[in-house]
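This briefing is for a reader new to the structure shown below. Please look through the sequence and the model first, then read the points by topic.

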Amino acid sequence: MMQQYLRLKAQHPDILLFYRMGDFYEMFYDDAERASRLLDLTLTTRGASAGAPIKMAGVPYHAVEQYLAKLVRLGESVAICEQVGDPATSKGPVDRQVTRIVTPGTLTDSELLDEKADNILLALARTKGAVGLAWLNLASGELRVTEIAPQLLENELRRIGPAEILAAEGTTLSGFAVTRLPEWHFDFDAGRKILLKQLGAASLAGYGCEDLEPAIAACGALLEYARKTQSQALAHVAAVIPERASEYLRMDAATRRNLELTETLRGEAAPTLFSFLDECATGMGSRLLRHWLHHPLRDHAALAARHQAVAALADAHTGIHKLLRRFADVERITGRIALKNARPRDLSSLRDSLALLPELVPAVPRGAPLLARMLGDLEVPRECPDLLKRAVLEDPAAMVRDGGVIADGYSRELDELRALQTDSGTFLAELEGRERNRTGIPNLRVAYNNVHGFYIEITNAHAAKVPADYRRRQTLKNAERYITPELKAFEDKALSARDRALALEKTLYDELLALLAAHLPALQRIARALAQLDVLACFAGTAGKRGYSRPEFTPDIAVEIDQGRHPVVEAQIEPFIANGTRLAPARQLLLITGPNMGGKSTYMRQVALIVLMAHAGSFVPAKAARLGPIDQIFTRVGAADDLAGGRSTFMVEMTESANILHNATDKSLVLMDEVGRGTSTFDGLALAWAIARALLERNKSLTLFATHYFEMTRLALEYKQAANVHLDAVEHKDTIVFLHAVEEGPASQSYGLQVAQLAGVPKAVVRNARRYLQMLEEASLTRAGQSDLFAAGKSEPEPPAEPDALRDALSAANPDELSPREALELLYRLKRL
């Protein structure tokens with residue numbers, strides 16, 4: 001048995017091997033030690049090899065999913081080795097083989113997947129000037145490819161969010177689970193053949209990706225790896241979708257992080273834009289909503305179709321939401337059918353979901369073209385639900401191996417075998433009656449248990465009446481159990497019928513999955529339509545409940561928002577002050593000043609989120625919004641040290657600023673928050689001034705530029721396309737009240753000490769700071785440090801006093817060289833001066 005294990009382990013040396021032995025999956029040697037550490041299992045030893053005991057650890061087969069889930073979260077891969085032979089007929093160890101490989105990117109089991117997030121397997125292939133990407137959602141069968149410049153790789157990986165990346169040996173990527181394959185796996189010619197074979201096509205021209213050579217090379221490695229892990233063909237992968245850079249509104253990794261689309265800056269799942277908007281009824285809808293938020297469209301016609309559908313669903317969304325809550329995850333069930341690992345309850349859930357479609361279709365309004373297309377996609381071929389209804393029991397068992405899955409009437413042979421089991425009750429009752437009459441034993445009992453099979457039980461009080469043809473089977477304290485030739489013959493027939501029924505049921509179930517494979521395209525089409533309908537109904541419900549409005553698109557470059565609100569913050573603060581925004585080529589850059597805590601960052605982020613929501617197809621939190629063409633959103637908001645990457649706060653800030661200056665266009669929306677604060681005052685001010693000028697003169701981007709450098713407000717005097725706005729506050733006694741309203745013009749005061757007091761800085765420290773601030777303002781010591789840039793009426797620092805005798809005497813004195821008497825004399829002299 002250990003020789004068999006070692007042969008199988010040699011085929012998968014780098015991953016854990018779960019080796020099936022009866023009711024357990026066992027691990028040996030280094031695998032056992034590693035698994036015991038990762039899964040907190042007991043490490044034992046059994047037998048010996050080369051004089052050393054064999055290390056061993058195991059998990060029960062019926063609970064294996066929870067252990068696999070933990071390992072996958074840790075980035076581990078596992079080869080599952082099953083018993084494929086019959087232990088009863090095997091002379092040596094029962095035959096075993098690896099039936100599937102579970103890796104982070106190839107999960108399909110519902111227990112291992114996040115219901116609200118796609119699980120993506122991605123492959124990348126590099127050439128001299130480009131990187132080809134191919135990624136697959138194995139649970140749905142969606143395959144996509146793209147080609148990018150090497151410097152955009154991190155942004156694309158953050159956008160796609162793969163669970164596992166396949167790359168050539170020698171590739172280094174941080175922050176992702178990476179599986180490295182030999183370089184020859186990424187050969188273009190081999191990749192093209194594999195892709196054409198998968199699609200059943202003679203050319204890739206019809207798919208629009210023939211020119212993406214590095215992506216096709218990556219695609220070949222991806223499909224071969226996925227096929228190998230599943231140990232079968234990928235029947236549901238029937239198309240490849242090329243993505244072009246111009247298709248989506250682009251956001252770099254920093255922007256996705258700063259806008260907190262699906263993860264907070266602290267790495268938590270809520271509160272984020274996704275967690276706030278996600279009121280979808282199904283997992284399919286939640287996953288599509290997440291995808292739309294990370295892939296906002298630039299095509300105004302497609303967005304107008306989504307907005308029209310949301311408007312049409314304004315009155316119908318509640319009923320649709322209630323119906324959709326009764327649907328199973330059709331998308332993932334379809335994927336499991338294609339991979340032949342769907343469970344019985346997947347099929348019963350699919351049957352019940354398809355039966356709901358005739359109820360859902362009339363509830364969908366006909367007013368919008370997008371909804372009309374969805375209604376066409378929701379048409380289901382009658383053969384599929386009819387087959388499921390005929391083949392699967394109303395409430396099937398959880399696993400095929402337990403029986404009780406195939407419906408009565410589907411197979412005559414199975415019905416006959418089941419009848420042998422169910423009719424045994426009648427036979428046993430008749431036998432019990434006959435034997436009581438024959439023996440004269442009134443309490444004689446015929447029964448069955450799993451250990452001894454069928455038996456006749458007679459109490460010791462009637463032992464003398466036992467007939468000669470009874471054979472003792474078991475002795476109890478107060479009774480004996482017997483078997484007769486007639487009962488033995490029936491037992492053989494009944495028990496073999498049960499085993500034969502289970503085997504036949506497994507065969508019929510496999511045949512049923514093969515029959516359902518013919519309906520995969522229709523089921524995928526239905527799943528897509530249900531997911532889209534769910535998201536659009538969610539948008540309609542959110543818009544009605546929170547007072548969102550339909551955005552308007554214009555060919556002119558502009559961002560005009562009337563009474564805009566931050567979608568997440570407004571749910572947590574009551575009341576939320578709405579603010580407008582107007583950006584255009586004639587009003588290209590807004591310089592935003594105001595106190596800390598005044599709402600500058602919230603205001604900037606809300607503009608970006610309103611633009612993003614409009615381009616995802618949602619209504620927006622504003623009284624009105626008019627948006628021109630936007631190609632990218634950039635944010636330079638907040639900063640933290642990148643210690644692992646060896647970058648300081650200021651280095652991170654400058655790297656992000658450089659990315660914006662190199663890539664922003666006149667159609668980009670740029671958010672710059674307090675640029676230059678990570679270095680000395682004058683360095684920071686000089687950089688902020690130069691960056692703002694570059695955005696105005698060269699990039700010509702629509703820019704929101706928040707700053708505490710009051711000198712920056714003079715930009716509006718030099719450039720007519722720059723304007724000053726501020727968020728105001730009022731002081732009452734020693735406290736401050738933030739008004740959160742955006743007003744035209746620069747701010748008049750910083751309120752830094754009041755904010756410090758609100759933050760709980762000790763009063764003594766605040767008093768000292770106030771005294772020092774007064775000294776700085778009175779002396780105007782601008783040469784020694786930063787004056788209060790927001791001090792009212794201090795637009796220009798006062799010139800330093802001319803040198804005089806007092807200053808000369810002070811400069812000449814060296815306290816360290818003075819005796820006490822000399823010091824006293826100097827003090828009197830200074831007093832006279």
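Which residues does Leu-695 touch, not counting residues up to four places away in sequence? They are Gln-588, Ile-660, Leu-661, Val-670, Met-672, Lys-700, Ser-701, Thr-703 and Phe-705, where a contact means heavy atoms within 4.5 Å. This is a predicted model, in which local features need pLDDT of at least 70, side-chain atom pairs count only at pLDDT 80 or more, and totals for chains, interfaces and linings use all residues. Residues are numbered from 1 along each chain as its sequence is written, and side-chain values use heavy atoms, leaving out hydrogens and water.

**Confidence**

- The protein has a mean pLDDT of 89, with 95% of its residues at 70 or more; pLDDT is the predictor's confidence in each residue, from 0 to 100.
- Over residues 780-798 the pLDDT is below 50, and this stretch has 31 contacts in the model beyond near neighbours in sequence.

**Leu-695**

- Leu-695 lies in helix α22 (residues 681-699); helices (H or I, at least four residues) are DSSP runs numbered from the N terminus.
- Leu-695 counts as buried because its relative accessibility is 0%, buried being under 20% relative accessible area, exposed over 50% and partly exposed in between, with a 1.4 Å probe and protein chains only.
- From C-alpha to C-alpha, Leu-695 and Gly-141 are 43 Å apart in space, and they are 554 residues apart in sequence.

**Helix α12**

- Helix α12 (residues 330-338) is mostly covered, with eight of its nine residues buried.
- Those buried residues are Val-330, Arg-332, Ile-333, Thr-334, Gly-335, Arg-336, Ile-337 and Ala-338.
- They pack against α9 (283-294), α13 (344-360), α18 (485-516) and α19 (520-546).
- Just after α12, Lys-340 takes a positive phi of about 60°.

**Helix pairs**

- Two packed helices are described by the angle between their axes and the distance between the axes.
- The axes of α11 (residues 317-324) and α19 come within 9 Å and cross at roughly 135°; axes are lines fitted to C-alpha atoms, for helices over the stretch in contact, and angles run from 0 to 180 degrees between N-to-C directions.
- α11 is therefore oblique to α19, since angles under 35 degrees count as roughly parallel, over 145 as roughly antiparallel, 65 to 115 as roughly perpendicular and the rest as oblique.
- In this contact, His-317, Ile-320 and Leu-324 of α11 meet Leu-530, Leu-533, Asp-534, Ala-537, Ala-540 and Gly-541 of α19.
- The contact of α11 with α19 has six nonpolar, two polar and one charged residues; Ala, Val, Leu, Ile, Met, Phe, Trp, Tyr, Cys and Pro count as nonpolar, Asp, Glu, Lys and Arg as charged, and the others, Gly among them, as polar.
- α13 and α15 (residues 383-391) have axes 9 Å apart and pack at an angle of about 130°, which means that α13 is oblique to α15.
- Leu-347, Leu-350, Arg-351 and Leu-354 of α13 make this contact with Cys-384, Pro-385, Leu-388 and Lys-389 of α15.
- By class, the contact of α13 with α15 has six nonpolar, no polar and two charged residues.
- α10 (residues 300-312) and α20 (residues 600-616) pack at about 85° with axes 8 Å apart, so α10 is roughly perpendicular to α20.
- His-300, Leu-303, Arg-306 and His-307 in α10 meet Ala-614, His-615 and Ala-616 in α20.
- The residues of the contact of α10 with α20 are three nonpolar, three polar and one charged.

Conventions:
Helix = DSSP H or I, 4+ residues; strand = E, 2+ residues; numbered from the N terminus.
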